[in-house]
Amino acid sequence: MPTTAVTGPAGAVLRQQLDSSDAATRAAAVRTASHAIFDEATTAAVGRRLTDAAPEVRQAALRALAINDWTALYLIEEKGYTLVTASS
């Protein structure tokens, strides 16, 4: 379960890798997202990989999103964190 929140340029670098033309690079980037909690833009970019042409990328994206969803639930329910959303 990821416990590290990543801020700064790391999310932007990961998003670049998610747009790679190489499926292995995209899959590695998605797997990286399962090891930390990234910002909303990066999480959305991982979500877009659910429809990737490569099955290994789709599978890794589903796993990364599932892991981070459970992490968020754990932090909210077990640790008493507050869910904060950006106002529109």
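**View 1. The buried side of helix α3 in this predicted model.** Start with α3, where Thr42, Ala45 and Val46 are buried. "Buried" here means under 20% relative accessible area, "exposed" means over 50%, and "partly exposed" is anything in between (1.4 Å probe, protein chains only). The three residues sit on the same side of α3, because they cover an arc of only 100° around the axis; that arc is taken from the directions from the helix axis to the C-beta atoms. Helices are DSSP runs (H or I, at least four residues; strands are E, at least two), numbered from the N terminus.

Two notes on reading these views: residues are numbered from 1 along each chain as its sequence is written, and side-chain values use heavy atoms, with hydrogens and water left out. As this is a predicted model, local features need pLDDT of at least 70 and side-chain atom pairs count only at pLDDT 80 or more, while totals for chains, interfaces and linings use all residues.

**View 2. Arginine 49 and its surroundings.** Arginine 49 lies in the loop between α3 and α4. With a relative accessible area of 17%, arginine 49 is buried. What does it touch, leaving aside neighbours within four places in sequence? Its contacts (heavy atoms within 4.5 Å) are Leu18, Asp19, Arg26, Val30, Val57, Arg58 and Ala61.

**View 3. Aspartate 52 and its salt bridges.** Side chains of opposite charge can pair when their charged atoms come close. A salt bridge is counted when a side-chain nitrogen of Lys or Arg is within 4 Å of a carboxyl oxygen of Asp or Glu. Arginine 49 and aspartate 52 make one of these, at 2.6 Å from N to O, and both residues are buried. Salt bridges with shared partners join Asp19, Arg26, Arg49 and Asp52 into one network. Aspartate 52 also forms a salt bridge with arginine 26, where the closest N and O atoms are 2.7 Å apart. That pair links distant parts of the chain, with aspartate 52 in the loop between α3 and α4 (55–77) and arginine 26 in helix α2, 26 residues apart.

**View 4. Aspartate 39 meets arginine 15.** The structure holds four salt bridges, and here the side chains of aspartate 39 and arginine 15 pair up at 3.5 Å, N to O. Aspartate 39 is in the loop between α2 (23–33) and α3 (40–48) and arginine 15 is in helix α1 (residues 10–18), so the pair ties together parts that are 24 residues apart in sequence. Aspartate 39 counts as partly exposed at 33% relative accessibility, and arginine 15 counts as partly exposed at 25%.
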